[in-house]
Amino acid sequence: MATEDGDNFRYLIVQPENGGITDLYRYGILGNKASGAKFFETSDEHTLHEELSVGGDRGGGETPAHRWVIIVSIVMRKLIKFFGKPMEWTGYVVDFILNLLSLNGGILGLFFNLLQGKMVIPVRGSATYISTIGHIDGRIDLMVGNDGTPAIQLDAGNRSLMDLCMMASKLAYENAIVIKNVVNQHWKMHFIDFYNCWNDYQKERSTQVFIFSDKPKDANLIVISFRGTEPFDADDWITDFDYSWYEIPKLGKVHMGFLEAMGLGNRINTSSFQQLLQATNTKLQLTNEGEPKKLLPEMGELSAYLAVRSKLKSLLNEHKNAKFMVTGHSLGGALAILFPIVLVFHEEDEVLQRMIGVHTFGQPRVGNRELGKYMESKLQYPNPRYFRVVYCNDIVPRLPYDNKTFLYKHFGVCLYYDSLFVKQKVEEEPNRNDYGLWYLIPEHLNAVWELARGMTMGMAYGPEYKESWEGIVMRLIGLAIPGLSAHGPPNYVNSIRLGTEKHIQMSTL
C-alpha cells in the first residue's frame with residue numbers, strides 16, 4: 001500500500017511514568033483533562049483532544065467508562081513495572097527449580113542424587129532445559145488420525161492444522177535446541193531457523209520466532225511461529241496492557257507495542273515507525289563479524305518482521321509448491337496477525353497469495369475497527385483465512401480494553417471454547433473486557449470447576465490429558481485470578497483436540 005509523502009502518521013503514547021496518584025484521581029474521578037493529559041504524548045493537539053474529549057474512534061463525548069479503561073491501563077502498567085525485577089528473579093528461580101526437579105526425577109530423586117553426589121544441574125539454553133510453559137504442559141506430540149500418524153490437512157480452520165499451529169505456538173516458548181529436537185525428531189519435519197530479534201524500545205532481544213517446514217525438499221507447508229507472553233516477563237505483560245497506538249494512513253491504528261516487538265520502530269523516536277514501515281529492502285546485510293548491519297540509523301539490531309519476510313521469500317522461491325501458515329499464542333498471536341498486516345501494507349501480493357492462513361490462540365487486540373475492516377477485506381474473502389481461538393475466561397484476548405467509545409477491536413473469525421470445550425463461531429468472546437461484578441462470581445465458580453476437571457482429565461480422557469502438578473498449581477492460582485489460568489496453553493490444546501461444535505449466527509463487524 002503506497003503512501004503519499006503528505007500522509008500524516010498520527011500516534012498516541014500512554015506514559016504512566018509522567019503522572020502520579022493525584023493525577024490519576026483528578027482525571028479518573030473528577031474528569032480533570034489537564035491531569036489526564038500528563039499521561040499522553042501525541043502527534044498533535046487534535047489527537048490529544050480527541051482522546052480526552054471524544055474517546056478515540058467515535059464521537060459523543062468522553063464517558064466515565066472510557067476514563068476507567070485508561071486508568072486501569074495506567075495502574076496495571078505501573079504495578080507490573082514496579083514488580084518487574086522481582087518477577088524476573090522469580091522466573092529464573094521457578095525455571096531453575098522446575099528443571100532441577102525434572103532432571104533428577106522429582107523431590108525424592110533429587111534427594112538421593114544429592115546424597116550420592118550425582119545431582120544434575122540444569123543448564124539454561126541446553127537441550128534438556130524446558131520453560132515453565134513446557135512444564136505446565138509437557139505434551140509435544142501432534143494429534144494423530146485413525147491410522148495413528150499425524151494427518152495434516154492444509155485448509156485454514158481445519159482441526160489437524162489448528163493442532164499443529166497450537167503445538168508450534170507452545171513450542172515457541174522453548175530455546176532453539178529444544179525446538180529443533182522436537183520438530184526434527186518427534187514431528188519428523190524440518191527445522192529451518194530460529195530468530196532472537198531486537199526490540200529497540202526495550203533495548204533487548206525479546207522477540208523470538210522460529211520457522212519449519214513439513215519436509216526439507218519440495219515442501220508443501222511452511223510454518224512461522226512467534227513466541228508469546230512469558231509468565232514472568234514484565235515487559236510482555238506491560239505490552240499487553242498498553243494501548244498506545246500508531247496510525248498508518250489508509251490502514252488504521254495499530255498497537256504501538258506490537259510494532260516495536262516486530263522491530264518496526266521505537267516510540268522514543270516516532271519517526272522510526274514511518275521509516276521502517278515504508279522500508280522495502282528485504283535483504284539483510286551482515287558485517288564482517290556476521291552481525292546484522294543497521295537497517296536504519298534508529299534501529300541497531302535485527303528486525304523480526306524484516307528477517308522473517310526475507311527468509312520466507314527465499315523459502316517460497318525454493319519450494320515452488322509450498323504455502324505458509326503464521327501462528328502464535330498470547331503476544332505471539334498478536335505478532336502473527338501483525339505480520340500479514342504489514343505484508344498487506346507493503347503490497348506483498350505474491351507472498352500473501354501463498355498464505356494458507358493465520359491461527360492465533362489467546363491473542364490480544366492489535367488495532368482499531370478501521371484496521372479490522374480493511375484486513376477482513378484482504379484475508380476473509382472469498383474464504384476466511386484468519387481464525388482467532390479464545391478459551392473461556394482467558395484475560396489476554398480481552399486486552400487492551402474495548403467498549404463503545406474505545407478504539408481496540410478484534411476482527412476475523414473467533415472460535416470460542418467454553419470450559420466444556422464446546423466451540424462456537426462468534427464475532428466477539430463473551431465479557432469482552434473482563435470486568436464487572438456480574439461476571440466475578442461465575443468466573444471464580446468456573447475456576448473451581450476447572451481445578452476439579454484438571455485433577456480428573458487423565459481418568460476422563462486418557463493419560464495424554466493428565467495434567468502435571470505444575471498445571472494443577474496454575475489451576476490453584478486461577479482460583480484467585482481466573483483469567484490468568486485460563487490463558488494457559490493446556491486449555492487451548494485440549495479445546496482443539498476434545499472440542500465439539502455449536503453453531504450460532506455471526507453478526508457483521
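Predicted model: local features only at pLDDT ≥ 70, side-chain atom pairs only at ≥ 80, totals over all residues.
Figure 1. Look for Ser 131 in the loop that runs between α6 (106-115) and α7 (132-136). Leaving out residues up to four places away in sequence, Ser 131 touches Asp 95, Tyr 173 and Glu 174. Buried or exposed? Ser 131 has 12% relative accessibility, so it counts as buried.

**Figure 2. Helices α8 and α20 side by side.** Here α8 (residues 159-171) meets α20 (residues 489-498), with axes that come within 9 Å and cross at roughly 165 degrees. Anything over 145 degrees counts as roughly antiparallel, so that's the label this pair gets. As for handedness, α8 passes α20 in a left-handed crossing. On the α8 side, the contact residues are Arg 159, Met 162, Asp 163, Met 166, Met 167 and Lys 170. Facing them from α20 are Pro 489, Tyr 492, Val 493, Ile 496, Arg 497 and Leu 498. Sort the residues of this contact by type and you get eight nonpolar, four charged and no polar.

**Figure 3. Helices α14 and α16 crossing.** This view takes in α14 (residues 331-345) and α16 (residues 369-379), whose axes come within 11 Å and cross at roughly 80 degrees. The range from 65 to 115 degrees counts as roughly perpendicular, so α14 and α16 are described that way. From α14, the contact uses Ile 337, Pro 340, Ile 341 and Val 344. From α16 come Leu 371, Tyr 374, Met 375, Lys 378 and Leu 379. By type, the contact of α14 with α16 has eight nonpolar residues, one charged and no polar.

Figure 4. Tyr 381 and Pro 382 are joined by a cis peptide bond with omega at about 5 degrees. Pro 382 sits in the loop between α16 and β10 (386-391). The bond from Leu 399 to Pro 400 is cis too, with omega near -20 degrees. You'll find Pro 400 in the loop between β10 and β11 (413-417).

Figure 5. Lys 250 isn't a glycine, yet its phi is positive, near 70 degrees. Lys 250 lies in the loop between β6 (245-248) and β7 (252-255). With 45% relative accessibility, Lys 250 counts as partly exposed. Ser 330 is another non-glycine with a positive phi, this one about 65 degrees. Ser 330 belongs to the loop between β8 (323-329) and α14. How accessible is Ser 330? The value is 0% relative accessibility, so Ser 330 counts as buried.

**Figure 6. The protein chain as the setting for these close-ups.** The chain has 20 helices and 13 strands. Of its 509 residues, 57% count as buried. Take the contacts in the chain with a separation of 6 or more: residues 24 or more positions apart account for 73% of them.

Terms used:
Residues numbered from 1 in each chain as written. Heavy atoms only, no water. Axes fitted to C-alpha atoms, helices over the stretch in contact; angles between N-to-C directions. Helix = DSSP H or I, 4+ residues; strand = E, 2+ residues; numbered from the N terminus. Parallel < 35°, antiparallel > 145°, perpendicular 65-115°, else oblique. Left-handed = near helix turned anticlockwise from the far one by under 90°. Contact = heavy atoms within 4.5 Å. Nonpolar A, V, L, I, M, F, W, Y, C, P; charged D, E, K, R; others polar. Buried < 20%, exposed > 50% of the residue type's maximum accessible area, 1.4 Å probe, protein only.
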